[in-house]
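Biologist: I have the model open here. Can you walk me through it while I follow along on screen?

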Amino acid sequence: MNFQCITIAGVIYFMFFQMHLVESSRIEFTNIKCTSMDKKFSDFEYCFLKATNRTYKYLSVKVRLYKIPVHHFTVNLGLHKRSNGLMPFNQNFTFDGCKMVANVGNPMVLFLFALFKPYSNINHSCPYTHDIIVDKLPTHFVNQQFTKYVPLPEGDYVFNSNWFTNGKNRAIVRVHFSFT
Ligand SMILES: *[C@@H]1O[C@H](CO)[C@@H](O)[C@H](O)[C@H]1NC(C)=O
Ligand SMILES: *[C@@H]1O[C@H](CO)[C@@H](O)[C@H](O)[C@H]1NC(C)=O
Ligand SMILES: *[C@@H]1O[C@H](CO)[C@@H](O)[C@H](O)[C@H]1NC(C)=O
């Protein structure tokens with residue numbers, strides 16, 4: 001097994017042993033930050049969280065791509081718990097983005113992709129020839145995907161992602177959320 005397989009095995013192990021049956025558990029987005037690392041390659045037209053009322057909160061992102069078509073991309077994901085409690089949760093792994101959008105690859109990545117796919121135009125195989133949009137992804141949709149089984153201990157988290165093409169980090173998207 002290579003390092004990535006071991007990391008993913010660790011995530012799956014963690015998910016199985018830390019699952020708890022708390023029906024009222026909720027993921028709540030608390031902040032989002034998008035940073036272009038190469039404005040000649042891509043830039044964010046918008047990137048925000050908005051709460052319409054107490055039950056409807058959503059996240060929207062639009063990325064303009066200036067060097068199209070994009071035939072390959074790589075994503076590096078990190079999930080970090082924001083405290084040094086008894087159960088540190090730190091994961092960091094990298095995968096082929098074109099495999100993710102073609103719905104092949106490891107189940108963990110496909111699960112994460114399913115959390116936003118219906119609200120996005122990242123919904124077809126590579127190449128990409130258009131701007132990338134995640135349009136009003138609601139918290140309640142993300143929560144539905146977890147159903148009753150929530151794979152995380154309670155706390156504040158940062159979900160960090162680095163988006164690479166040709167070995168260069170082009171963009172960073174960081175989503176903060178709390179899990180209660
Ligand atoms: C919250 O806002 C959404 C979208 O505008 C609306 O559909 C929903 O009925 C509202 N919920 C409450 C409790 O006001
Ligand atoms: C993963 O770890 C590397 C090396 O420590 C770091 O540079 C990168 O930012 C981390 N990725 C995420 C998404 O946190
Ligand atoms: C992908 O998303 C776009 C924008 O929402 C939509 O117009 C298109 O039909 C979708 N394509 C597929 C294959 O689902």
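Biologist: How many aromatic pairs does the count come to?
Modeller: The count comes to nine aromatic pairs. Keep in mind that this is a predicted model.

Biologist: Take tyrosine 46 and phenylalanine 48. Why is that pair tilted?
Modeller: The ring planes of tyrosine 46 and phenylalanine 48 stand at 50 degrees, and planes under 30 degrees apart would be stacked while those over 60 would be edge-to-face, so the pair is tilted. The ring centres are 5.8 Å apart.

Biologist: And how does tyrosine 46 count for accessibility, buried or exposed or in between?
Modeller: Tyrosine 46 has 29% relative accessibility and counts as partly exposed. Phenylalanine 48 is also partly exposed, with a relative accessible area of 31%.

Biologist: What about phenylalanine 73 and tyrosine 128?
Modeller: Those two form an edge-to-face aromatic pair, with 90 degrees between the planes and 6.3 Å centre to centre.

Biologist: Where in the chain do those two sit?
Modeller: The pair links distant parts of the chain, 55 residues apart. Phenylalanine 73 is in the loop between strand S4 (57-65) and strand S5 (74-81), and tyrosine 128 is in the loop between helix H3 (107-114) and strand S7 (132-138).

Biologist: Phenylalanine 73, buried or exposed?
Modeller: Phenylalanine 73 counts as buried, because its relative accessibility is 11% and the cut-off for buried is under 20%. Tyrosine 128 counts as buried too, at 2% relative accessibility.

Biologist: Which residues do ring pairs link into a cluster?
Modeller: The cluster holds Tyr46, Phe48, Tyr56 and Tyr58, linked by ring pairs.

Biologist: What lies over the face of phenylalanine 41?
Modeller: Arginine 170 does, at 4.3 Å from the ring centre.

Biologist: Switching to ligands. What surrounds ligand 1?
Modeller: Ligand 1 has Thr52, Asn53, Thr55 and Tyr56 around it. Tyr56 is one of the residues in the ring cluster as well. Taken alone, ligand 1 exposes 360 Å², and the protein buries 32% of that.

Biologist: What is the shell like by class?
Modeller: The shell around ligand 1 has three polar residues, one nonpolar residue and no charged ones. As for asparagine 53, a polar atom of its side chain lies 2.4 Å from an oxygen atom of ligand 1.

Biologist: And which residues surround ligand 3?
Modeller: Ser120, Asn121 and Asn123 surround ligand 3. On its own ligand 3 exposes 360 Å², of which the protein buries 25%. An oxygen atom of ligand 3 lies 2.3 Å from a polar side-chain atom of asparagine 123.

Biologist: New topic. Where is aspartate 96 found?
Modeller: Aspartate 96 is in strand S6, residues 90-96. It is partly exposed, with a relative accessible area of 34%.

Biologist: What does its side chain contact?
Modeller: A polar atom of the aspartate 96 side chain lies 3.2 Å from the backbone nitrogen of lysine 99. Histidine 72 is 24 residues away from aspartate 96 along the chain, with 7.8 Å between the two C-alpha atoms.

Biologist: Last one, asparagine 162. Buried or exposed?
Modeller: Asparagine 162 is buried, with a relative accessible area of 14%. Its place is in strand S9, residues 155-165.

Biologist: Which side chain does asparagine 162 join in a polar contact?
Modeller: The side chain of asparagine 169, in a polar contact of 3.3 Å.

Conventions:
Residues are numbered from 1 along each chain as its sequence is written. Chains are lettered from A and ligands numbered from 1 in the order in which they are written. This is a predicted model: local features need pLDDT of at least 70, side-chain atom pairs count only at pLDDT 80 or more; totals for chains, interfaces and linings use all residues. Side-chain values use heavy atoms; hydrogens and water are left out. A residue is near a molecule or strand if one of its heavy atoms lies within 4 Å of it. A polar contact is a pair of N or O atoms within 3.5 Å; within protein, one must be able to donate a hydrogen and the other to accept it, and residues adjacent in sequence count only if both atoms are side-chain atoms. Accessible areas come from the Shrake-Rupley method with a 1.4 Å probe; for residues, only the protein chains shown count as cover. Ala, Val, Leu, Ile, Met, Phe, Trp, Tyr, Cys and Pro count as nonpolar, Asp, Glu, Lys and Arg as charged, and the others, Gly among them, as polar. Rings of Phe, Tyr and Trp (its six-membered ring) pair if their centres lie within 6.5 Å; planes under 30 degrees apart count as stacked, over 60 as edge-to-face and the rest as tilted. Buried means under 20% relative accessible area, exposed over 50%, partly exposed in between (1.4 Å probe, protein chains only). Helices (H or I, at least four residues) and strands (E, at least two) are DSSP runs, numbered from the N terminus. A charge sits over a ring if NZ of Lys or CZ of Arg is within 6 Å of the ring centre and within 35 degrees of the ring normal.
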